[in-house]
Every structure is written in C-alpha cells, then in structure tokens.
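Me: I want to learn how to read a structure file residue by residue. Please show me a feature at a time, with the general idea and then the case.

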Amino acid sequence: EFRRVLFRSAMSVVNVPIGTIHSFSFTPGTEGWVVTLAAEMMEAALGVAEDVRQVLKRPGCFVADAALRGVVERIFIEYGARAFGRAQMLRALCGELLGQVARALPRAGEDAGRSNVIFRRFEELLDERFAERQSVSDYAAALDITPVHLTRIARAATGKPASDRKSTRL
C-alpha cells in the first residue's frame with residue numbers, strides 16, 4: 001500500500017509502520033523534525049513492552065501534545081551532544097517516544113473513524129447485509145467510493161482492512 005501524507009497542522013506526528021511505502025510532501029518554509037527508528041532500535045527500546053508493538057503496526061497521523069514534543073526535542077538534543085552514555089539515553093528516549101505514540105494512536109484512529117460519516121455508513125451496511133457476505137467492492141459501490149478508499153477508511157478507524165468484517169466493531 002502506498003501512502004501519501006499531507007500535513008494540515010503544525011506539530012503533526014505520522015506513524016509509518018515498517019513496510020509501509022510512503023511519501024512526504026513539504027511546502028517551502030516547513031520546519032520540523034523527522035524521527036526514523038531502525039527496527040533494531042525499536043526492538044532495543046521496546047523490550048517486552050505490553051502489546052505496544054501491535055499498536056505501532058497501525059499507521060496514523062495526529063497532532064503532537066506537549067509531552068511528545070518534549071521527547072522529540074530531547075532526542076535531538078541528546079543526538080547532537082555526543083556525550084558519554086549517549087546510546088543508552090537515545091534508547092531510553094526512543095522508548096518513551098514509542099510509548100507516547102502508542103498511547104495517542106488509538107485515540108487518533110477512534111476519533112477519525114468515529115467522526116467519519118462514510119465509515120459509520122459502512123458499519124450500518126455491514127449490519128444490514130452481513131448475511132449476504134458481500135465483497136468490499138459491493139460495499140464501496142453502495143457508498144459511492146472506490147474499494148481502495150473504503151479500505152483506507154476502515155484501516156484508519158480500526159487498524160484493519162475493510163475485508164476484515166469483524167474489524168469494524170471496536
């Protein structure tokens with residue numbers, strides 16, 4: 001799946017899971033940071049965290065709160081300092097960053113999905129036509145959108161594709 005990200009607000013956080021093909025477009029004058037964590041860094045930072053990995057497998061976009069902005073600022077300060085214990089500090093800060101993002105992702109997906117009229121109508125159609133076992137294309141046609149767009153909406157709301165009919169009821 002290819003994702004093109006359009007930033008509509010300052011201090012946006014975009015979670016792009018491993019393996020998600022994506023593209024970013026920045027207008028001239030855009031300022032900010034991009035934090036990219038290697039899979040090895042994520043593993044070191046997460047340890048045996050409580051299902052945080054599962055949440056982070058979900059793509060999402062949301063506005064950063066003050067706590068999350070503070071963590072990113074501290075990462076960039078530590079990264080530039082090159083002081084003793086730098087690697088340990090960066091692992092710890094990345095763990096905090098991943099925890100903050102994992103906390104915010106479910107709220108962002110729930111808000112986007114529940115406020116989305118199309119997604120609510122999709123849920124209604126699923127309830128009405130569940131026994132008919134219609135295809136995603138059938139539901140998309142009934143909603144006057146493409147199957148790809150319907151799948152994006154379902155993923156944003158639930159983290160799962162539209163084809164996973166159980167995924168729409170959280």
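**Contacts and cores**

Reply: Setting aside neighbours within four places in sequence, L97 is in contact with V35, L68, V71, V72 and I75. Contact here means heavy atoms within 4.5 Å. Before going on, note that this is a predicted model, in which local features need pLDDT of at least 70 and side-chain atom pairs count only at pLDDT 80 or more, while totals for chains, interfaces and linings use all residues. Residues are numbered from 1 along each chain as its sequence is written, and side-chain values use heavy atoms, with hydrogens and water left out.

Me: Which residues of the largest nonpolar core touch the most other members?

Reply: In soluble globular proteins, nonpolar side chains tend to be buried together. A nonpolar core is a set of buried Ala, Val, Leu, Ile, Met, Phe, Trp, Tyr and Cys residues joined through side-chain atoms within 4.5 Å. Buried means under 20% relative accessible area, exposed over 50%, and partly exposed in between (1.4 Å probe, protein chains only). The largest core here has 22 residues, and L56, F62, L68, I75, L97, L98 and V101 touch the most other members. Two or more of its residues come from each of α1 (39–46), α2 (52–56), α3 (66–81) and α4 (86–115). Helix α4 gives the largest share, nine residues. Another core, of 14 residues, lies apart from this one and includes L126, V136, I145 and A154.

**Elements and confidence**

Me: How many helices and strands are there?

Reply: Helices (H or I, at least four residues) and strands (E, at least two) are DSSP runs, numbered from the N terminus. The protein has seven helices and four strands, in the order β-β-β-α-α-β-α-α-α-α-α from the N terminus. Of its 170 residues, 33% count as buried. Among contacts with a separation of 6 or more, 59% join residues 24 or more positions apart.

Me: Where is confidence lowest, and where is it highest?

Reply: pLDDT is the predictor's confidence in each residue, from 0 to 100. The mean for the protein is 81, with 84% of residues at 70 or more. Strand β1 (residues 2–5) is lowest, at a mean of 46, and α3 is highest, at 93. Over residues 1–8 pLDDT stays under 50, although the model has 25 contacts beyond four places in sequence for them.

**One face of a helix**

Me: Which residues of α1 are buried?

Reply: An α-helix has 3.6 residues a turn, so residues three or four places apart point the same way. In α1 the buried residues are M42, A45 and L46. Viewed down the axis of α1, these fall within an arc of 90°, so they line one face of the helix. That arc is taken from the directions from the helix axis to the C-beta atoms. G47 follows α1 and has a positive phi, near 55°.

Me: What is the phi of R82, and of R133?

Reply: Most residues other than glycine have a negative phi. R82 has a positive value, near 60°, and sits in the loop between α3 and α4. With 57% relative accessibility, R82 counts as exposed. R133 also has a positive phi, near 50°, in the loop between α5 (117–129) and α6 (136–143). Its relative accessible area is 55%, which makes R133 exposed.

**Polar side chains and cysteines**

Me: What does the side chain of N15 reach?

Reply: A polar contact is a pair of N or O atoms within 3.5 Å; within protein, one must be able to donate a hydrogen and the other to accept it, and residues adjacent in sequence count only if both atoms are side-chain atoms. N15 belongs to strand β2 (residues 12–15) and is buried, at 15% relative accessibility. Its side chain reaches the backbone oxygen of L56 at 3.0 Å. Beyond four places in sequence, N15 is in contact with L56, R58, P59, G60, V101 and L105.

Me: Which residues does R129 touch?

Reply: R129 is in helix α5 and is partly exposed, at 24% relative accessibility. Not counting residues up to four places away in sequence, R129 touches Q134, Y139 and A142. With Q134 the polar contact is side chain to side chain, at 3.2 Å. R129 and Y139 are 10 residues apart along the chain, and their C-alpha atoms are separated by 9.3 Å.

Me: How many disulfides are there?

Reply: A disulfide is a pair of cysteine sulfur atoms within 2.5 Å, and a search of the whole structure finds zero. C61 is partly exposed, at 42% relative accessible area, whereas C94 is buried, at 3% relative accessibility.
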